[in-house]
There are 2 protein chains.
Amino acid sequence: MSLLAVGSVAIDSVKTPFGERERSLGGSATHFSVSASFFTEVGVVAVVGDDFTEEDSAVFRERNIDTRNLQKVQGGRTFRWAGEYGFDLNTARTLDTQLNVFADFNPQLSEHARKTPFLFLGNIQPTLQREVRQQVDARFVAMDTMNYWIESARDELLKTIGVVDALIINDAEARELAGESNLIRAARWILGQGPQMLVVKRGEFGAAFFTKDSYFATTAYPLEAVFDPTGAGDSFAGGFMGYLAAADRIDDSVLRRAIIYGSVMASFNVEEFSCDRLRKLTPEEIRARYLEFKEYTNFEV
Amino acid sequence: MSLLAVGSVAIDSVKTPFGERERSLGGSATHFSVSASFFTEVGVVAVVGDDFTEEDSAVFRERNIDTRNLQKVQGGRTFRWAGEYGFDLNTARTLDTQLNVFADFNPQLSEHARKTPFLFLGNIQPTLQREVRQQVDARFVAMDTMNYWIESARDELLKTIGVVDALIINDAEARELAGESNLIRAARWILGQGPQMLVVKRGEFGAAFFTKDSYFATTAYPLEAVFDPTGAGDSFAGGFMGYLAAADRIDDSVLRRAIIYGSVMASFNVEEFSCDRLRKLTPEEIRARYLEFKEYTNFEV
């Protein structure tokens, strides 16, 4: 196993302008690991209740995702999220959140998991992210977070940001975290907190990538039909980290390709509910869309 | 003269979070022509009052802009606009608009102007744009517009869109015009109205370019300090049209380069008030920033 992800496995209830689904497998660790599984061997660290069915389990099994650190709490209920998207599809309105078994989540990783070289800390409480980080002897660690932690656990969050290699967050979160409306200045501030690199997810506008001495940006795939944006950010992170974990080195050229593969995976993820699109995706489709990104962004000097 | 622009020459009063200027030369024809003048010979069709000073005139003269169709109304007052930008710098709040001499603007073009091969119809009343378009035996015509005309003169606007080659508008305008929140579908609808191509300006997120069978998108230049966004869209259009007018052909590769040169010019325009930055710009700086766009967006397949 080359890549490990900690995060949520959730049962979502999602409503979009195009339809609704009452019970949909979701959560950051789910979207991340299914996406990453197209590139490398990936394992999840998460917790579910006994409402987590054989059908849910199949999503991980089909993609050969290592679930030895997916804890099942007997008598517990899986984390639930219900949300709704309006026509602009940019922001979800949360209708309900039930932490359930997630409230007491305090993962103790197995011996083999502790030796995984690539680690992704999905969007969970920052102290917990750091505790997981400390258990893994990883070579490269990336993390996500959200506005809720920026506002309610800023000090803990900054400590966690200080011990990772890459922060992968969205545009509004980057500006809020830095307290700076200009993204370029916000990025510089964030890079001053410890991480070597910052990936900024910009939804339909693409992604931007910052290190102390380089900048890269890409547009998003021009989708005519975004069906369900849930998990876009995590499937992006999964493509990014999966590609890096499979590469034989990490340099500027590999990182740029990883950003494009992240964008490719996010674009597929949002085409259907839950992981439905990723479950039937093929490596040929991934490669074809990667080449379309080149076609859509290339120009001569 | 290879490129002609009709639009406003204005006296602006601008306030941004970084400063304010009481009397600042502005207007779509001004920003457009100063920007385009770095690429080709450009002329303006506009009207001013006798408050248009020698100092204002110098901006055009310095850049060798043909002002033979810039009409001066004795006893009239130049079009005035006052606006303010907040910290996000994305949208101006208009504080005051005085049409003045612009209210009766009804340009009758000189013989030499009627033979200009490239024509830009800046953001003015769509019927007036069409009247100018009909006077010019142009090979390639592009136009801009704004939400005000989309809402108040939709039928006239659609007629004008039907007689141009390229529409150059911003993201929100494209969606509003098409009545469609998805930009890709909005673009398809707009291309169905007549123009061969659509350029969508996305501010700090860059620009997207659509034809019936191709797509291109670029990020914006990563500016740490946007000082005054006034005229960004017109300087973009000026770079785009100026580059096209100077090229020996119009094909996909040339159009993509024109989009990048448009982005380059807009990025310089917003670095200072009015045309201050463009007035001291050099061709070497333009070329260097073009190459930076390549560096910031390139990735290997």
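What follows is a conversation about a predicted model with chains A and B.

Visitor: What is the strand order of the open sheet in chain B?
Guide: Its nine strands run in the order β5-β4-β1-β8-β9-β10-β11-β12-β13, and the pairing is mixed.

Visitor: Which strands stand at the edges?
Guide: Those are β5 (66-73) and β13 (215-218) of chain B. Each has a single partner strand, so one side of each is left without a neighbour in the sheet.

Visitor: By how much are neighbouring strands turned against each other?
Guide: The average for this sheet is 15°, direction ignored.

Visitor: In which sense do β10 and β11 of chain B pair?
Guide: Strand β10 (residues 166-170) and strand β11 (residues 197-201) of chain B are parallel, with five bridges between them. Within β11(B), Lys201(B) is the residue opposite Asn170(B).

Visitor: Which strands does helix α7 of chain B touch?
Guide: Helix α7 (residues 183-191) of chain B packs on the sheet against β10, β11 and β12 (207-211) of that chain. The directions of α7 and β11(B) make an angle of about 140°.

Visitor: Changing topic, where is Asp50(A)?
Guide: Asp50(A) lies in the loop that runs between β4 (42-49) and α2 (54-62) of chain A.

Visitor: How many other C-beta atoms are within 10 Å of Asp50(A)?
Guide: There are 13, and Asp50(A) is therefore partly exposed.

Visitor: What does Asp50(A) touch beyond four places away in sequence?
Guide: Its contacts there are Lys72(A), Gln74(A), Gly75(A) and Gly76(A). Although Lys72(A) is 22 residues apart from Asp50(A) along the chain, their C-alpha atoms are separated by 6.6 Å.

Visitor: Which residues touch the most other members of the largest nonpolar core?
Guide: Phe240(A) and Phe240(B) do, in a core of 190 residues. Leaving aside neighbours within four places in sequence, the contacts of Phe240(A) include Ile168(A), Val199(A) and Ala258(A).

Visitor: And how many residues does each chain bring to the contact between A and B?
Guide: Chain A brings 28 residues and chain B brings 28 residues. On the side of chain A, α7 (183-191), β13 (214-218), α9 (252-269) and α11 (283-297) each supply at least two residues. That side holds 13 nonpolar, seven polar and eight charged residues.

Technical notes. Residues are numbered from 1 along each chain as its sequence is written. Chains are lettered from A and ligands numbered from 1 in the order in which they are written. This is a predicted model: local features need pLDDT of at least 70, side-chain atom pairs count only at pLDDT 80 or more; totals for chains, interfaces and linings use all residues. Two strands pair if DSSP finds at least two bridges between them. Helices (H or I, at least four residues) and strands (E, at least two) are DSSP runs, numbered from the N terminus. Axes are lines fitted to C-alpha atoms, for helices over the stretch in contact, and angles run from 0 to 180 degrees between N-to-C directions. Two residues are in contact if their C-beta atoms, placed from the backbone, lie within 7 Å. A residue is buried if 20 or more other C-beta atoms lie within 10 Å of its own, exposed if 12 or fewer, and partly exposed in between; C-beta atoms are placed from the backbone. Ala, Val, Leu, Ile, Met, Phe, Trp, Tyr, Cys and Pro count as nonpolar, Asp, Glu, Lys and Arg as charged, and the others, Gly among them, as polar. A nonpolar core is a set of buried Ala, Val, Leu, Ile, Met, Phe, Trp, Tyr and Cys residues joined through C-beta atoms within 7 Å.
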